[in-house]
Structures are given as C-alpha cells and as structure tokens.
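Reader: I would like to go through this model one question at a time. Please end each answer on the value or name I ask for.

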Amino acid sequence: MVSALNVIDVSRVTPSDSPEPFTLSLTFFDLLWYKLHPVQRVIFYRLADATRPFFDSVIVPNLKSSLSSSLSHYLPLAGKLVWDSLDKKPSLKYSQNDAVSFTVAESNAEFSLLTGNKPFPTTELYPLVPELQVSDESASAVSFQVTLFPNQGFCIGVTAHHAVLDGKTTTMFLKFWANTCKRQQDQTVNASVSQDLIPIYDRTVIKAPGDIETKIMNQLSSFFKMVSGGKEPENPRSLKILPSQELSPDVVRFTLDLTREDIQTLRERLKRESSASSSPKELRLSTFVVTFSYAFTCLVRARGGDPNRPVGYGFAVDCRSLLDPPVPSNYFGNCVSASLGMPLTAETFMGEEGFLSAARMVSDSVDGLDETVALKLPEIMGAFMSSLPPGAQLLSVAGSTRFGVYELDFGWGKPQRVVIVSIDQGEAISMAEGRDGNGGVEIGFSLKKHEMESLIDLLHQGLKS
C-alpha cells in the first residue's frame with residue numbers, strides 16, 4: 001500500500017528583518033550546477049509526543065519563527081536565481097518581500113520503516129520533499145516541508161538549488177536554523193551563535209583564473225545540447241532544471257550502518273591483501289577511502305554482467321582548504337570540484353583483489369588532490385561528458401562524513417535518520433557520519449530490488465571475511 005500524504009498548509013516565510021535588496025554573483029563553482037537537479041534531503045526525528053495538537057501548536061510555529069529569524073542571516077536563501085538580459089551569467093537576487101516556501105503535511109507512512117535498516121520503496125520518500133519553484137525566468141534557492149507521522153515523529157524535507165549552495169553551506173544553514181530553534185525553546189535566545197555558522201558572502205575570496213567561467217558556460221551549453229538530442233535550446237537563458245530521470249517503481253532504499261569496528265576490519269583486510277600482493281605500496285586508508293572503495297566494489301559485483309563493461313567513480317572535493325589562500329570554512333556558496341576514476345572495466349573489481357584494486361585507485365585519487373583540482377574544473381567536466389559511454393556504471397557520492405548532520409537538534413533531540421533523496425538521479429550513494437558519533441559511517445543506496453538483494457548479501461559477506 002502506498003502511503004498517503006495530507007498537505008495541511010503551504011505558506012511563505014520571510015526573513016524577520018526587512019533588509020535592503022541584495023545581489024550575489026555566481027562564481028565558476030556555482031555555474032556548473034545552474035540547470036542540474038536540486039539536492040533533496042529528509043531529516044527524520046523520532047518523537048512519541050508528536051500528536052497533531054502538539055505538532056500544530058509547538059513544532060510548526062517554532063520551526064517557522066526560527067526559520068524567519070535564520071533567513072535574516074542567510075538572505076540569499078529567500079531570493080531567486082535570475083539571468084538579466086545584459087548579464088553573461090545568472091545571479092542570485094534578494095528583493096524585499098521575497099520568501100521561502102514552507103509546506104506543512106501529515107503522512108500515514110510507517111516511520112520506523114523509513115528510518116530503519118531494511119530496504120523500502122524509494123517512492124515513499126518523494127512526498128516528503130518539497131518542490132522547488134523554477135521557471136524559465138527564475139529559480140528559488142530552497143524550499144522546506146515539515147511532515148508529521150502521528151505519535152511516531154516528524155521530518156524536515158529540504159530541497160536546495162545546487163547553484164546556490166553546496167553540501168557544506170546547506171548543513172551550515174541547517175545548523176544555524178536548528179541552533180536558533182533550540183535556543184528559542186530553551187529561552188536562551190540572547191546566547192550568541194557560533195561564528196562558524198555566520199556566512200561570508202565575499203566573492204573575492206574565490207580567485208577565478210582567466211577564462212574559466214567562459215569555458216564552463218561553453219561546456220554546459222554543449223552538454224545541454226547533447227541531452228536534448230542535439231537541438232539548440234529555444235531559450236539559452238532558461239533557468240528550468242533539466243528533466244529528471246524517470247524513477248522505476250521497483251527501486252528500493254537501503255542504509256548500511258558501518259561501525260568503527262567494521263571499518264577497522266575492512267582496513268586490516270586491505271593492509272593484509274596489500275602486503276601480500278605482488279606490488280605492495282602504502283595506501284592512504286582513511287575512513288573515506290576504505291568505505292567508498294568497499295561500496296564501489298560491492299556495487300560493481302552486485303550488477304554483475306559483462307566483465308568488460310565500462311565503470312567509473314567520482315567524488316566531490318571541497319576546495320576551501322586546497323585553494324591558496326584558503327577559502328573560509330563559512331564561505332556561502334559552492335566551493336567543490338571533483339575527482340574522477342574512469343574509464344575502468346568491471347572485471348578489475350570482480351576478482352579476489354577487487355576491493356584492494358578499488359582502494360589503490362581511490363587512495364591515489366585522494367593523494368593527488370591539490371589546488372589544481374579546482375582550476376581544472378573545465379577539463380574534469382569534459383572528461384565526465386566524454387569518457388563513459390551510455391549505460392556505463394559511474395558511482396558518485398552525495399553528502400560527507402564531515403558535515404555533522406546528526407548534530408541537527410532543533411530542540412527535540414538529534415535525527416533518527418538523514419536521507420539524501422536525490423541520489424536516485426544517477427548512480428550515486430550517500431555518506432554521513434554514524435548517528436552515535438563513535439566513528440561509524442552511514443552509506444545510503446538506491447537500486448532496483450533484485451540488485452539491492454545481491455548488494456546487501458555482498459556487503460554483509462565482506463564484513464565477515
């Protein structure tokens with residue numbers, strides 16, 4: 001039975017102060033995303049007291065008023081992306097009376113299923129994320145939705161335009177909002193918010209080399225033409241998002257919770273295999289290298305098929321600390337590039353040394369990161385668009401174990417589960433730190449049911465060896 005959603009209210013939340021109009025230019029890091037699918041997250045909170053009266057009189061009013069207050073510090077989120085006729089690129093504009101969309105709803109879905117460790121239909125998540133208001137002329141920065149699961153808990157759905165903010169900036173805002181909401185209830189409103197959560201809008205901290213923006217816009221133009229079957233767009237300045245992939249009804253979700261001990265088991269296995277191999281080499285066995293390599297290997301094996309089929313991987317790289325001078329950690333906007341491993345063949349990862357092969361490649365990718373990963377963004381885009389044939393398995397990652405999403409306490413405890421819904425748009429996994437804060441990692445998967453069954457077996461088998 002498909003769960004039903006009852007929309008109670010849709011309103012607009014404006015910043016609590018009514019400031020002057022505000023314009024923020026897009027950097028070359030932002031431009032990359034201006035027509036791509038938004039990032040959708042759902043943050044679940046278990047709360048047995050979540051009755052409809054408590055939801056209506058306490059949870060919703062507190063979330064809305066603290067959101068209004070938080071937007072005063074994050075004005076661009078209330079604004080819109082626009083592309084003025086005289087400008088070479090879109091910009092982000094806030095005008096007085098701009099607001100974010102805030103939906104309030106109630107669901108009869110089973111809360112424990114959506115936050116548990118068993119696979120469930122991914123279609124269950126889509127009613128919990130709000131639409132982003134997008135047209136040819138403008139695109140909203142964010143939309144929010146809070147949904148009640150009576151006597152079980154509630155969730156906050158966030159849809160964020162990736163040209164406005166990356167994962168680091170998104171979680172920085174969510175922490176500011178959660179902090180404000182909690183202090184409002186604790187009646188410690190006058191306590192100061194950490195300076196780490198106050199955004200910096202100074203675009204001059206991003207040093208754009210020469211013609212990098214032109215190169216990126218030209219490559220995007222070629223890409224948009226390719227995905228529309230070779231046709232020139234009717235409106236080259238349209239801000240409409242590219243069409244989403246149609247979701248198969250048999251796609252399911254599964255979250256693997258790896259403990260610190262699980263990760264150490266995998267790390268020791270890689271050390272053994274590496275020292276016993278014909279070309280022993282010291283590997284960078286960070287938590288990311290170990291867990292991403294493991295997920296990648298298991299996913300390739302779960303799909304099976306032709307061993308010569310093309311596969312690859314890519315992961316986002318936060319460039320804030322790599323640039324010279326470094327970009328402040330509280331910079332508002334995108335500051336990510338990517339590292340790619342492709343084209344590869346599935347056979348490399350299907351044999352006994354498949355996990356070790358993946359770890360070697362990912363370790364080398366991480367070791368090779370420096371300032372040039374930001375400056376080579378046009379070349380990385382070109383490689384991404386041309387290196388893999390249609391139907392290739394390219395694994396990417398959403399989220400990070402460094403974001404601290406389980407610190408998002410709005411006053412009703414830390415999240416029960418945080419899910420990135422938008423990994424359905426392509427071959428992606430999500431990663432977050434473990435909920436208990438003891439060094440574990442959470443990996444979210446989205447696959448067709450039969451493939452997911454194979455994957456879960458492989459993931460569990462690998463932890464026993």
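Author: The model is a predicted one.

Reader: Which domains does the assignment give for the protein chain, and how many Å separate their centres?

Author: Domain 1 covers 5-228 and domain 2 covers 251-463. Taken over C-alpha atoms, the separation of the centres of domain 1 and domain 2 is 25 Å.

Reader: What area do domain 1 and domain 2 bury between them?

Author: The size of an interface is often given as the accessible area lost when the parts come together. In contact terms, 76 residues of domain 1 meet 50 residues of domain 2. Carbon and sulfur atoms hold 65% of the buried area, and the total is about 5400 Å².

Reader: Which three residues supply more than any other three of the area that domain 1 buries against domain 2?

Author: The area in question is the part that domain 1 buries against domain 2, and the three supply 12% of it. They are Phe29, Tyr45 and Lys168.

Reader: How many residue pairs are in polar contact between domain 1 and domain 2, and which element gives the most to the side of domain 1 that touches domain 2?

Author: There are 33 residue pairs in polar contact between the two domains, both residues being at pLDDT 80 or more. Elements that give two or more residues to that side of domain 1 include helix H1 (28-31), helix H2 (52-71) and helix H4 (167-186). With 12 residues, the element that gives the most is H4.

Reader: How do the residues on that side of domain 1 divide into nonpolar, polar and charged?

Author: The side meant is the one that touches domain 2. Its residues divide into 49 nonpolar, 15 polar and 12 charged.

Reader: How many salt bridges does a search of the whole structure find?

Author: Across the interface of domain 1 and domain 2 there are two. The side chains of Asp166 and Arg320 form a salt bridge at 3.0 Å, N to O. For the whole structure the number is 21.

Reader: How many residues apart in sequence are the parts that Glu213 and Lys89 tie together?

Author: The side chains of Glu213 and Lys89 meet in a salt bridge at 3.0 Å, N to O. Glu213 lies in helix H5 and Lys89 in the loop between strand E4 (80-82) and strand E5 (91-94), so the parts tied together are apart in sequence by 124 residues.

Key:
Residues numbered from 1 in each chain as written. Predicted model: local features only at pLDDT ≥ 70, side-chain atom pairs only at ≥ 80, totals over all residues. Heavy atoms only, no water. Domains from an automatic or database assignment. Contact = heavy atoms within 4.5 Å. Buried area = accessible area lost by both parts, 1.4 Å probe. Salt bridge = Lys/Arg side-chain N within 4 Å of Asp/Glu carboxyl O. Polar contact = N/O pair within 3.5 Å; in protein donor to acceptor, adjacent residues only side chain to side chain. Helix = DSSP H or I, 4+ residues; strand = E, 2+ residues; numbered from the N terminus. Nonpolar A, V, L, I, M, F, W, Y, C, P; charged D, E, K, R; others polar.
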